[in-house]
Amino acid sequence: MSTSPPNAPAPKDWVMAIAPYVPGRSTADDGRKLVKLSANENPLGTSPHARAAFDAGNASLDRYPDPGATILREAVADTYGLDPLRVIYGTGSDDVLHLAAGAFAGPGDEVIFVHYGFAVYEIAARRVGATPVIAPDSDYATDVDAILACVTDRTRVVFLANPNNPTGTFTPRAEIARLHAALPGHVLLVIDQAYAEYIAPEDDDAGLALAMTAPNVLITRTFSKIYGLAAERIGWGYGAAPLIEAMHRIRLPFNVTTAGQMAAVAALGDQAFVSATRAHNARWRAWLAEEVASMGNHGLRCVPSKANFLLVLFEGAVTAEAAYKGLMDRGYIVRWLPGQGLPHGLRMTIGTEDETRGLAAALRDIIEHHG
Ligand SMILES: *Cc1c(COP(=O)(O)O)cnc(C)c1O
């Protein structure tokens, strides 16, 4: 950690304790463009309706967007049967996660999340001076009892991604209900549902139903993943009115663009695109998981995933690092996460059919030739 020179502005200790977020890459070390399977984007692109709405929205480039994001809130509320006044929105759901930490945690408070959790939670906690508390996982899956064992009277927020990133694991409805029931009322449970639309509707974790009724549950959703609008940065959250009201106080004005709001509304209206993406993902995730299973004799295994990616563990002669570099040499960029405690894992986004077949073939070539 660098110390600031004397007689110069001193950043807060808790800010300097932040390890900067490492985004998914799209180019090789030598600048070559690669097939990008490192950021869980939608391989089928964007709904054509959303793209047309986005183009129309750009006509008013000289005007501020609606600060209340009225059309976005109303479309979200219509789609899910919600109260539009209880919808918060952000520059990506990352923004909503930061609003939750900012409104409910500060210096001296504790924020809990799992070991193999989403990197933004630690940044959001530290940014406001709160203390991150890391709950151990159980074979890469979220362990509700381990989270509960971390709760103290200083706990203010629990962040839980479901499905989780980077593991892809899913915490079933009964476990979410058990966690919520055991948490003290003063603890905000944030259920980050960035991948919720990839779940078969009958397997829903009921987080949204909890957010509709419980005073201490916030769910967050994003347009970056299944809706294919990652470039525009749009997310939303839902919770009890007093939670939302507090978050609005620290929300930056005009945090979702006009074109983004219009694109998001049109994207919500094209559920056929969402279903097609869900079906594509389920098919090729299962296919890739079988391919990896067939490489089990080389020490590869998949963590069971309900998301649009697979976490592949390398427990044999070929290391995750060697496979990461080998895939890069062969034109594919996936996510290697040594900074998140996973030096032995690669997170691979499910791509198009061609990309997924090509990725599997490259992986097989690497393990058969050792790098
Ligand atoms: C991708 C992702 C997000 C959010 O992304 P935004 O683009 O900021 O909406 C949030 N949580 C998890 C777990 C994610 O994987």
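Guide: Helices here are DSSP runs of H or I with at least four residues, strands are runs of E with at least two, and both are numbered from the N terminus. By this scheme, P166 lies in the loop between β5 and α7. Please note that this is a predicted model, in which local features need pLDDT of at least 70 and side-chain atom pairs count only at pLDDT 80 or more, while totals for chains, interfaces and linings use all residues. Residues are numbered from 1 along each chain as its sequence is written, and side-chain values use heavy atoms, with hydrogens and water left out.

Visitor: What form does the peptide bond from N165 to P166 take?

Guide: The peptide bond is described by its angle omega. From N165 to P166 the bond is cis, with omega near 15°. The bond from N162 to P163 is cis too, with omega near -5°. P163 is placed in the loop between β5 (155-161) and α7.

Visitor: Which residues come nearest to the ligand?

Guide: A residue is near a molecule if one of its heavy atoms lies within 4 Å of it. The ligand has 13 residues around it, and D192, Y195, T222, S224 and K225 come nearest.

Visitor: How many residues of each class does the shell around the ligand have?

Guide: The classes are set by residue type: Ala, Val, Leu, Ile, Met, Phe, Trp, Tyr, Cys and Pro count as nonpolar, Asp, Glu, Lys and Arg as charged, and the others, Gly among them, as polar. In this shell, 4 residues are nonpolar, 5 are polar and 4 are charged.

Visitor: Which side chain has an N or O atom 2.5 Å from an oxygen atom of the ligand?

Guide: The idea to apply is the polar contact, a pair of N or O atoms within 3.5 Å; within protein, one must be able to donate a hydrogen and the other to accept it, and residues adjacent in sequence count only if both atoms are side-chain atoms. The side chain at 2.5 Å from a ligand oxygen belongs to S224. For the side chain of N165, the separation from a ligand oxygen is 2.7 Å, and for that of R233 it is 2.6 Å. Taken alone, the ligand exposes 390 Å², of which the protein buries 94%. Such areas come from the Shrake-Rupley method with a 1.4 Å probe, and for residues only the protein chains shown count as cover.

Visitor: How many salt bridges does the structure hold?

Guide: Side chains of opposite charge can pair when their charged atoms come close. A salt bridge is counted when a side-chain nitrogen of Lys or Arg is within 4 Å of a carboxyl oxygen of Asp or Glu. The structure holds 19 of them. D139, R301 and E315, moreover, are linked in a network of salt bridges.

Visitor: Where in the chain are R178 and D145?

Guide: R178 forms a salt bridge with D145, their closest N and O atoms being 3.0 Å apart. This pair links distant parts of the chain, with R178 in helix α7 (residues 173-182) and D145 in helix α6 (residues 144-150), 33 residues apart. To read their surroundings, take buried as under 20% relative accessible area, exposed as over 50%, and partly exposed as in between (1.4 Å probe, protein chains only). R178 is partly exposed at 33%, and D145 is partly exposed at 44%.

Visitor: What separates E245 and R249 in helix α9?

Guide: E245 and R249 are 4 residues apart in helix α9 (residues 241-250), so about one helical turn separates them. They form a salt bridge whose closest N and O atoms are 2.6 Å apart. E245 is partly exposed, at 41%, whereas R249 is exposed, at 64%.

Visitor: Is N40 buried or exposed?

Guide: N40 counts as buried, with 1% relative accessibility. This residue is found in the loop between β1 (35-36) and α2 (48-57). Its backbone angle phi is positive, about 55°, although N40 is not a glycine. A69 likewise has a positive phi, near 45°, in a residue other than glycine. A69 is placed in the loop between α2 and α3 (70-80) and is buried, with a relative accessible area of 0%.
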